[in-house]
Amino acid sequence: MHEYSLVEALVRRVEQEARRRQALAIRGLTVSVGELSGVDPELFRTAYETFRAGSLCAETPLTLKRLEARWSCPACRAPIARGAVLRCPTCDVPARLDEGSDALTLDSIDMEVP
């Protein structure tokens, strides 16, 4: 249920950016949800529908991009197959979780600015 507080913070942040840039309208938002972020994308979308009412985002569509969790070798950058032991078979070092796999990221705000 923390999705509601995340969306509330998102809408507040987008409104701040829109006011700071004196935007006439917000045309779209794009957010990436990493598989290991702990965020339920459907609940996030439902929360967005709730919080955007009465805000500058009231008519703004939300695009959610789901990012699959991926691991790679920090030394040779070889990808580690899903379900495999999280250790590089070539370098014999522990795998590293790739960027975005556990993140919730505001990728873009599409605004109409005078």
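Student: Which residues is Glu-17 in contact with, leaving aside its neighbours within four places in sequence?

Tutor: Ile-109 and Met-111. Contact means heavy atoms within 4.5 Å. This is a predicted model, in which local features need pLDDT of at least 70, side-chain atom pairs count only at pLDDT 80 or more, and totals for chains, interfaces and linings use all residues. Residues are numbered from 1 along each chain as its sequence is written, and side-chain values use heavy atoms, with hydrogens and water left out.

Student: Why is Glu-17 called buried?

Tutor: Its relative accessible area is 10%. Buried means under 20%, exposed over 50%, and partly exposed in between, with a 1.4 Å probe and protein chains only. Glu-17 is therefore buried.

Student: Where does Glu-17 lie?

Tutor: In helix H1, residues 2-20. Helices are DSSP runs of H or I with at least four residues, strands are runs of E with at least two, and both are numbered from the N terminus.

Student: How do you know that the span of H1 is close to the expected one?

Tutor: H1 has 19 residues and reaches 27 Å from first C-alpha to last. The expected span is 1.5 Å times one less than the number of residues. For H1 that gives 27 Å.

Student: What puts the buried residues of H1 on the same side?

Tutor: First, the list. Glu-3, Val-7, Leu-10, Val-11, Val-14, Glu-15, Glu-17 and Ala-18 are buried. They cover an arc of only 160 degrees around the axis, so they share one side of H1. The arc is taken from the directions between the helix axis and the C-beta atoms. In general, an α-helix has 3.6 residues a turn, so residues three or four places apart point the same way.

Student: What do those buried residues pack against?

Tutor: Strand S1 (25-34), helix H2 (41-51) and strand S6 (104-112). On the other side of H1, Arg-19 and Arg-20 are exposed. Just after H1, Gln-22 takes a positive phi of about 55 degrees.

Student: What makes S1 largely enclosed by the rest of the structure?

Tutor: Nine of its ten residues are buried, so S1 is largely enclosed.

Student: How do you know that S1 pairs with S6?

Tutor: Two strands pair if DSSP finds at least two bridges between them. S1 and S6 have eight, in the antiparallel sense. S1 also pairs with strand S2 (residues 62-67), in the parallel sense, over six bridges. Thr-30 shows both pairings: it stands opposite Ser-108 in S6, and its bridge partner in S2 is Thr-63.

Student: Why are S4 and S5 said to stand at the edges of their sheet?

Tutor: Three strands form an open, antiparallel sheet in the order S4-S3-S5. S4 and S5 each have a single partner strand, so one side of each is left without a neighbour in the sheet. Two bridges join S3 to S5. In one of the pairs, Ser-72 has Arg-96 in S5 as its bridge partner.

Student: What makes Cys-73, Cys-76, Cys-88 and Cys-91 gather at one spot?

Tutor: The UniProt annotation "binding site", from an unreviewed entry, covers these four. They span 19 residues in sequence, yet no two of their C-alpha atoms are more than 8.6 Å apart, so they gather at one spot. UniProt positions are given in the numbering used here, feature names are shortened, and annotations may be inferred rather than shown by experiment.

Student: Is Cys-76 buried, partly exposed or exposed?

Tutor: Its relative accessibility is 37%, so Cys-76 counts as partly exposed. Cys-91, at 30%, is partly exposed too. Cys-76 is in the loop between strand S3 (71-72) and strand S4 (79-80). Cys-91 is in the loop between S4 and strand S5 (96-97). Not counting residues up to four places away, Cys-76 touches Cys-88 and Cys-91.

Student: How does the radius of gyration of the protein stand against that of a compact globule?

Tutor: The protein has 18 Å, while a compact globule of 114 residues would have near 13 Å. The radius is taken over C-alpha atoms, and the globule rule is 2.2 Å times the number of residues to the power 0.38. The C-alpha trace spans about 55 × 30 × 15 Å along its principal axes.
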